[in-house]
Amino acid sequence: MILDVDDGEPTALARLRAADEALRNQPEDRHRADALLSLIANLVEDYGNW
């Protein structure tokens, strides 16, 4: 998936957006969800345009 994001694949960016939204709406295990959100934010900053 990261290579697809790096290549600018629209479907990879869409999956990343969906994961971001799902994590934001998950009330359980916020510590892990927040860590993943941080990783997603870094990927988007480095490779994608929202």
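Let's start in the loop between helix 2 and helix 3, which is where Asp-29 sits. Helices here are DSSP runs of H or I with at least four residues, strands are E runs of at least two, and both are numbered from the N terminus. Keep in mind that this is a predicted model, in which local features need pLDDT of at least 70 and side-chain atom pairs count only at pLDDT 80 or more, while totals for chains, interfaces and linings use all residues. Residues are numbered from 1 along each chain as its sequence is written, and side-chain values use heavy atoms, leaving out hydrogens and water.

**The loop residue**
- Asp-29 is not a glycine, yet its phi is positive, at about 50°.
- With a relative accessible area of 40%, Asp-29 counts as partly exposed; buried means under 20%, exposed means over 50%, and partly exposed is in between (1.4 Å probe, protein chains only).

**Overall fold**
- You'll find three helices and zero strands in the chain, in the order α-α-α from the N terminus.
- The chain has a radius of gyration of 11 Å, close to the 10 Å from the globule rule for 50 residues, so it is as compact as a globular protein of that length. That radius is taken over C-alpha atoms, and the rule is 2.2 Å times the number of residues to the power 0.38.
- Along the principal axes, the C-alpha atoms fill a box of roughly 30 × 15 × 15 Å.
- Of the contacts with a separation of 6 or more, 34% join residues 24 or more positions apart (contact means heavy atoms within 4.5 Å).

**The core**
- Ten residues make up the largest nonpolar core, among them Val-5, Leu-16, Leu-37 and Leu-43. Such a core is a set of buried Ala, Val, Leu, Ile, Met, Phe, Trp, Tyr and Cys residues joined through side-chain atoms within 4.5 Å.
- Helix 2 (10–24) and helix 3 (30–47) each put in at least two residues of this core, and helix 3 gives the most, with five.
- Leu-43 belongs to helix 3 and is buried, at 12% relative accessible area.
- Leu-43 and Val-5 are 38 residues apart along the chain, but their C-alpha atoms are separated by 7.8 Å.

**Surface and charge**
- Buried residues come to 24% of the 50 in the chain.
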